[in-house]
Each structure stands twice: as C-alpha cells, then as structure tokens.
Amino acid sequence: MYRFTDFARSLCMGALAVWLLGSCRNSPSEGKGWENVPVYQLHGESLPMPEGGEMRYPYRLAMKGDTLAVTDLHGPEYLVQLFHYPDMEHIASLGRRGNGPKEMIEAENLYWIDNTLWVLDGEKQQFVRFSFNKDKPVVEEHTNLDKSLFRPGDFVPIGNYQFMI
C-alpha cells in the first residue's frame, strides 16, 4: 500500500532535484565588480643574514629612522633583533626567551613610540618597554595586562602611551 507520507517524501525529493539541477546553469560574470580590481606584483631582493642576528622565523617589522626591529617567533635565545638599515648591521638582541620575570615567551607585535620600543608578549599577557641609553637597549618595564583578556595577539597605539588590544 502506498501511503501519503511516501508520496509527500517523493514529491519533496523531486522538487529538491529540480531546484538543484536548475541552479547549475552558467551565470554571467559581468557586473560582479572584479574587472576594476587592480593587480599588483611584489618584487624584492634577498639580503644576506648579518653576523649576530640569526633568526629562525622573522615575523613582524617596525622601523624608526635607520633602526629596524624584527620579531623572531622561534628565536632560540632572543625574540627581537635590531638592525641598522639599509646595511643590515646587527645592533642588539632584545627580549630574552624564558619564563622568568624579565623574560618573554613570545613577541607578538611591536611598535616604536618616540625612542621607545613596545613589544607585546601575548603568552604572558604583558607589554615590554625597551628604551635606549646611548644606543644600548634597556628593559624599562614589564606591564601586565588584565587577565580577563583571552590571549591578546595584537595591539595598536592610539594615543599618548595608550593602546587598543
């Protein structure tokens, strides 16, 4: 015996098949807005690795004047390297890797503000501020972030020593 539910199921399956097959037709790509999108090609050159600034995974860059700061996500000893640009002479290594009070676990992002380099350690939830005394980097402070933040990964300076995380 053929029941009404079987008929309804067959009718729905048939309607679904017609709808799927009807939606498989070609649609014109004109008018989608992609024809006016500019295409850029990036060109670069490889620079030799300077002595003393070995890095495993260079990640983020910040430049102030002729000083280039580069974060290294997997640095064996230090997480931030400073170089003189454009000759890439190594200046200093900052942010000793470790769990100690003056050490860092990760260097997520970094920004120069005046003559101060701010680095976010998202794993320890703190900012590390480096200043420079006669061109030698000095760790000024480690500022702990609110523990209610769920592992901050980035920050942007928005004012006089104010940051948006």
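Tyr111 stands opposite Trp118 in β6, a pairing that belongs to the model's β5–β6 region. The model is a predicted one, in which local features need pLDDT of at least 70 and side-chain atom pairs count only at pLDDT 80 or more, while totals for chains, interfaces and linings use all residues. Residues are numbered from 1 along each chain as its sequence is written, and side-chain values use heavy atoms, with hydrogens and water left out.

Strands β5 and β6 run antiparallel and are joined by five bridges; two strands pair if DSSP finds at least two bridges between them. Strands here are DSSP runs (E, at least two residues), as are helices (H or I, at least four residues), and both are numbered from the N terminus. The β5–β6 hairpin has two residues between its strands, and Asp114 takes a positive phi near 55° there. As for β5 itself (residues 109-113), four of its five residues are buried, so the strand is largely enclosed by the rest of the structure. Buried means under 20% relative accessible area, exposed means over 50%, and partly exposed is in between (1.4 Å probe, protein chains only).

Next comes β7, residues 126-133, where Arg129 sits. The side chain of Arg129 makes a polar contact with the side chain of Glu141 at 2.8 Å. A polar contact is a pair of N or O atoms within 3.5 Å; within protein, one must be able to donate a hydrogen and the other to accept it, and residues adjacent in sequence count only if both atoms are side-chain atoms. Setting aside residues up to four places away in sequence, Arg129 touches Thr116, Leu117, Trp118, Val138, Val139, Glu140 and Glu141, where contact means heavy atoms within 4.5 Å.

Phe132 is also placed in β7. Leaving out neighbours within four places in sequence, Phe132 is in contact with Leu82, Trp112, Asn115, Leu117 and Pro137. Take Leu117: 15 residues separate it from Phe132 in sequence, and the C-alpha to C-alpha distance is 8.8 Å.

Most residues other than glycine have a negative phi, and most peptide bonds are trans. Gln125, in the loop between β6 (116-121) and β7, has a positive phi near 55°. Gln125 is buried, with a relative accessible area of 11%. The loop between β3 (78-84) and β4 (89-96) holds Pro86, and a cis peptide bond with omega of about 20° joins Tyr85 to Pro86. Met88 lies in the loop between β3 and β4 as well, with a positive phi near 60°. At 13% relative accessibility, Met88 counts as buried.

Over in strand β3, there is Gln81, which counts as buried at 4% relative accessibility. A polar contact of 2.7 Å links the side chains of Gln81 and His90.

Finally, the surface. Met13, Leu16, Trp19 and Leu20 make a nonpolar patch of about 460 Å². Patches are made of residues with over 30% relative accessible area and no salt bridge, joining like charges within 9 Å and nonpolar side chains (Val, Leu, Ile, Met, Phe, Trp, Tyr) within 5 Å. A salt bridge is a side-chain nitrogen of Lys or Arg within 4 Å of a carboxyl oxygen of Asp or Glu, and accessible areas come from the Shrake-Rupley method with a 1.4 Å probe, where for residues only the protein chains shown count as cover. Met13 is found in helix α1 (residues 4-22) and, at 54% relative accessibility, counts as exposed.
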